[in-house]
Amino acid sequence: MNEDDTSGERERPRSDAGKTAPGGGRKRGSGEPGGGILMGRPFGVPVYVAPSWFVVAALITWIFGGQLDRVLPELGGARYLVSLFFAVAFYASVLVHELAHTVAALRFKLPVRRIQLQFFGGVSEIEKETETPGREFVLAFVGPLLSLVLAGLFYLGMTAVEPGTVPGVLLAGLMISNLIVAAFNLLPGLPLDGGRMLRAVVWKISGKPMTGTIAAAWVGRALAVAVLIGLPLLTHTGALGNATEDIGGMETVTDALLAAILAAIIWTGAGNSLRMARLREHLPELAARALTRRAVPVESDTPLSEALRRANEAGARALVVVDGHGEPTALVREAAIVGVPEHRRPWVAVSGLAQELTEDMMVPAELAGEALLDRLRAAPATEYLVVEETGEIYGVLSTADVERAFVAAMARPASSS
């Protein structure tokens, strides 16, 4: 299964958009690399196993072990070892699903931050959006396609082994599970892969990516409602193959809980897809030149009160420490200025409140959108020196100002273009 998502923390300026996935999926963005045990780096992309995976692996082992007890009672306690192998093999096939997304993304020159195996499957964190609807469709489709291919390979393997044996049961289970993963991901609603494919089709027809996102997100919300109501109903009526007389109270509660979890994931993912699409639409509004504060140059031994007087006269809101040749060497931190009582400011030199300027803290005035956010994220700081192409000082960019502009952009409704 597969769905888009973003982390639950407060949105901050960053160039990611989100996607998580039960059984396989793509996620654009979500925190920094980590979040589990590093298992390897296929194609140079780190693969992590989240702690929640162990909970699901134990659950799969217990459930599949119970099924094995009915099919192969002679296994005894060894059935749980076989079940554990099945859980690991299933998540290995989920990893293949994720690697399909990853390879396609790398092929399209889209950076992939990491792959993570977690509670409801896997997630490929792709840092940028595709540029065309065709590439979006391919990037979404390759995951379910690989799951179908795996299902076919497991079916061929079943023909080569004796039915009713451990290998036969394992291969049948893996075939069915991969078919379920592929079928679920092909449902046409965000945040599933099928939703990405629907978004690409509507984008192609309308010429507007936001229109595609809105359509696929609302279909995803409809799917969430359908799962919440339909899954318990199908189980209760025996439509999924269970005899109605065998369906007890615990099975009913379990199915309802599973349906609620899946519906919540899909509904939340669809909403996150809309929110991140709105973010991408408004990203170009975050321009370094527009957000930069005018600054005045001061020498390191200048008293803070004198430096502030000069800034007020010039209508500036930032201070840049320069050397004897007028070259910038440090930025006076706004938080440090606030922390100095007014009666002490004539006796405090700006050098004691300044942060040494590094090359990473110098931002071109023309940066905007994703490029600007990537630059700030690469070198975290509270203030940055904004410079023209000629090297001339343009002003100081405050992270707080960028965050306020980000929040304001997110609050504005998105257009359908």
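Two strands are taken as paired if DSSP finds at least two bridges between them. Helices (H or I, at least four residues) and strands (E, at least two) are DSSP runs, numbered from the N terminus.

The structure is a predicted model, in which local features need pLDDT of at least 70 and side-chain atom pairs count only at pLDDT 80 or more, whereas totals for chains, interfaces and linings use all residues. Residues are numbered from 1 along each chain as its sequence is written, and side-chain values use heavy atoms, with hydrogens and water left out.

**Overall composition**

The protein holds 12 helices and 12 strands. Of its 417 residues, 49% count as buried, where buried means under 20% relative accessible area, exposed over 50% and partly exposed in between (1.4 Å probe, protein chains only). Among contacts (heavy atoms within 4.5 Å) with a separation of 6 or more, 63% join residues 24 or more positions apart.

**Strand pairings**

Strands of a sheet pair through backbone hydrogen bonds, either parallel or antiparallel.

| Strand pair | Sense | Bridges | Bridge partners |
|---|---|---|---|
| β8 (residues 328-332) and β9 | antiparallel | three | V332 and A354 |
| β10 and β11 (residues 383-387) | parallel | three | P364 and V387 |

The hairpin of β2 and β3 has six residues between the strands, and F43 takes a positive phi near 60° there.

**The four-stranded sheet**

An open sheet of mixed pairing is formed by four strands in the order β6-β7-β8-β9. Its edges are β6 (295-299) and β9 (354-356); each has a single partner strand, so one side of each is left without a neighbour in the sheet. Neighbouring strands are turned by 35° against each other on average, direction ignored. Helix α9 (residues 304-314) packs on this sheet, touching β6 and β7 (318-322), and its direction makes about 150° with that of β6. Axes are lines fitted to C-alpha atoms, for helices over the stretch in contact, and angles run from 0 to 180 degrees between N-to-C directions.

Three strands in the order β10-β11-β12 form another open sheet with mixed pairing. β10 (362-364) and β12 (393-398) stand at the edges with a single partner strand each, so one side of each lacks a neighbour in the sheet. From one strand to the next the twist averages 35°. Helix α11 lies across β10, β11 and β12, running at about 175° to β10. Within α11 (residues 369-378), G369, L372, L373 and L376 are buried. Seen down the axis of α11, the buried residues fall within an arc of 95° (taken from the directions from the helix axis to the C-beta atoms), so they line one face of the helix.

**Helices α2 and α4**

The axes of α2 (residues 79-107) and α4 (residues 166-185) come within 10 Å and cross at roughly 35°. On the α2 side, the residues in contact include F85, F86, A89 and F90, and on the α4 side they include L170, L174 and V181. By class, this contact has nine nonpolar, six polar and no charged residues, with Ala, Val, Leu, Ile, Met, Phe, Trp, Tyr, Cys and Pro counted as nonpolar, Asp, Glu, Lys and Arg as charged, and the others, Gly among them, as polar.

R79 also lies in α2 and is buried, with a relative accessible area of 15%. Leaving aside neighbours within four places in sequence, R79 is in contact with G65, L68 and D69.
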